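Subject: Structure for your review

Dear colleague,

Please find below the sequence and the structure that I would like to hand over to you. My notes on what was found follow directly after them.

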Amino acid sequence: MKYLGVLTPIALLGLVSCTPVKTSVDLGSEQSLLSHNRFSHFKQVSTSQNDHYFIVASNGIPDHPVMEGITNWQQQVVLPQDYTANNAWKIPLHPELAETPLLTKEHFHRGAVAVAVNGVPIFNAANNRGEFATEIGELDRWGGHAGKADDYHYHLIPEHLEQIVGENNPVAFALDGFPVFGKTDAELDEYLGRFTENGSYQYHAVDHAPYFIAGLRGKVSTDSIDNAPEDQIIPQPFTRPIRTADYGPLPGAEITHFTKHQASSYSLEYQLNGHSHHINYSWDNDGLHQFEYVDSEGNITTEIYEKLNQLKQEHSEEPPKKVRPATHIQQADTGRKYCGDGMCDNTETTQQSPADC
């Protein structure tokens, strides 16, 4: 996508004087341009618009290191996501204040509640069991981790992005249309936000639970409010898994290093019972993904997946060749959504698709 000139109003930054309002906040086209500029710091992100939404396209992978420091790991890694075209992030151009804001402790334990200016989604600070992910070792040093679809996302506000966008600038935008900032000394309301003197609304991070956005001040739609707290805001992108197995938690493992070798080649190192293990993985332009699992004794198990027609092979000797035996090809499910932080633990309800887990 390319930026399409000066965008139409997107009540996101609150830098232009206007009269406070009760039901909506619309601050002019200048704010759309400034919003675009926040995202333009990141080469993996592009922006556009339609009549209703400011649209953010990305691959979901941040520029900073990831995964290091996680001690409560579900054996996911980080893969690029196709947050583009009809599957891009959509932020309302004209946010409206909700009469009864939906609280994040009661809703949205699945899917994102905001998107950072580097194109990475931000999930509820609580996982789908209602536990704060940062308090149980699920997050890396940057406040994120990989979910069920090997999709990287934050569970905390990425305040470190202020070093790029500048202090007192938003580091994210909630899916109700309002901006999200780092910490502030200003008094916040019960939703962890505030109205500025010119009538705009903005959220802030805090250093205690629930950490950010206690309730969405703007109007949003959900996929199934009866499924709360595991409902999610719509519209938002799908994630499409490459690996089909449910690897589950690996008790006692700690991720110590995550290395990017090339644009499509990574290594993850973790410690388990005092020994080092590695996952080396890469992919090519044809959508063929190769994973090598190296144990502490150097034994290698290899898996190969094809992005559209998923093929999986395992052995511990030579790497598999690029073969696609028709009898082993399985058609990928390209429309699946996954529970909250990707953990399946019997908290899901019967209203959810079995594909969630």
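Residues count as buried under 20% relative accessible area, as exposed over 50%, and as partly exposed in between. By that scale Tyr 247 is partly exposed, because its relative accessible area is 23%. Please bear in mind throughout that this is a predicted model.

Confidence

The mean pLDDT of the protein chain is 82, and 76% of the residues score at least 70. Two stretches call for caution. Residues 1-31 have a pLDDT below 50, and the model gives this stretch 97 contacts beyond near neighbours in sequence. Over residues 309-357 the pLDDT also stays under 50, with 119 contacts beyond four places in sequence. Where pLDDT is low, the predicted coordinates should not be read in detail.

Overall architecture

The protein chain contains two helices and 22 strands. Of its 357 residues, 54% count as buried. Among the contacts with a separation of 6 or more, 56% are between residues 24 or more positions apart. The chain exposes about 16,000 Å², of which carbon and sulfur atoms supply 47%.

Aromatic residues

There are 17 aromatic pairs in the structure. One of them is formed by Tyr 247 and Tyr 293, which are tilted, with 6.3 Å from centre to centre and 35° between the planes. This pair links distant parts of the chain, 46 residues apart: Tyr 247 is in the loop between strand E15 (233-234) and strand E16 (254-262), while Tyr 293 is in strand E19 (residues 288-294). Tyr 293 counts as buried because its relative accessibility of 18% falls under the 20% limit.

A second pair, Tyr 281 and Phe 291, is stacked, at 5.4 Å centre to centre and with 15° between the planes. Tyr 281 belongs to strand E18 (residues 275-283) and Phe 291 to strand E19, so this pair ties together parts that are 10 residues apart in sequence. Both Tyr 281 and Phe 291 are buried.

Elsewhere, Arg 217 lies over the face of Tyr 201, at 6.0 Å from the ring centre.

Strands E16 and E17

Strand E16 runs antiparallel to strand E17 (residues 265-272), and seven bridges join them. These two strands form a hairpin with two residues between them.

Strand E5 and its partners

What is the burial of strand E5 (residues 112-116)? Five of its five residues are buried, so the strand is largely enclosed by the rest of the structure. E5 pairs with strand E6 (residues 121-123) in the antiparallel sense over three bridges, and Ala 114 has Ile 122 in E6 as its bridge partner. The two strands form a hairpin with four residues between them, where Gly 119 in the turn has a positive phi of about 85°.

Strand E5 is also joined by three bridges to strand E9 (residues 172-174), again in an antiparallel arrangement. Here the bridge partner of Ala 116 is Ala 172 in E9.

Two individual residues

Ile 233 is found in strand E15. It is buried, since its relative accessible area is 1%. Leaving out residues up to four places away in sequence, Ile 233 touches Phe 108, Ala 112, Val 113, Leu 175, Leu 216, Val 220, Ser 221 and Thr 222. From Ile 233 to Thr 222 the C-alpha to C-alpha distance is 4.4 Å, at 11 residues apart in sequence.

Is Asp 63 buried or exposed? At 53% relative accessibility, Asp 63 counts as exposed, because the value is over 50%. Asp 63 lies in the loop between strand E2 (53-58) and strand E3 (89-92). Not counting residues up to four places away in sequence, Asp 63 touches Phe 42 and Gln 44. Asp 63 and Asn 118 are 55 residues apart in sequence, and their C-alpha atoms are 8.1 Å apart in space.

With kind regards

Key
Residues are numbered from 1 along each chain as its sequence is written. This is a predicted model: local features need pLDDT of at least 70, side-chain atom pairs count only at pLDDT 80 or more; totals for chains, interfaces and linings use all residues. Side-chain values use heavy atoms; hydrogens and water are left out. Buried means under 20% relative accessible area, exposed over 50%, partly exposed in between (1.4 Å probe, protein chains only). Contact means heavy atoms within 4.5 Å. Accessible areas come from the Shrake-Rupley method with a 1.4 Å probe; for residues, only the protein chains shown count as cover. Rings of Phe, Tyr and Trp (its six-membered ring) pair if their centres lie within 6.5 Å; planes under 30 degrees apart count as stacked, over 60 as edge-to-face and the rest as tilted. A charge sits over a ring if NZ of Lys or CZ of Arg is within 6 Å of the ring centre and within 35 degrees of the ring normal. Two strands pair if DSSP finds at least two bridges between them. pLDDT is the predictor's confidence in each residue, from 0 to 100.
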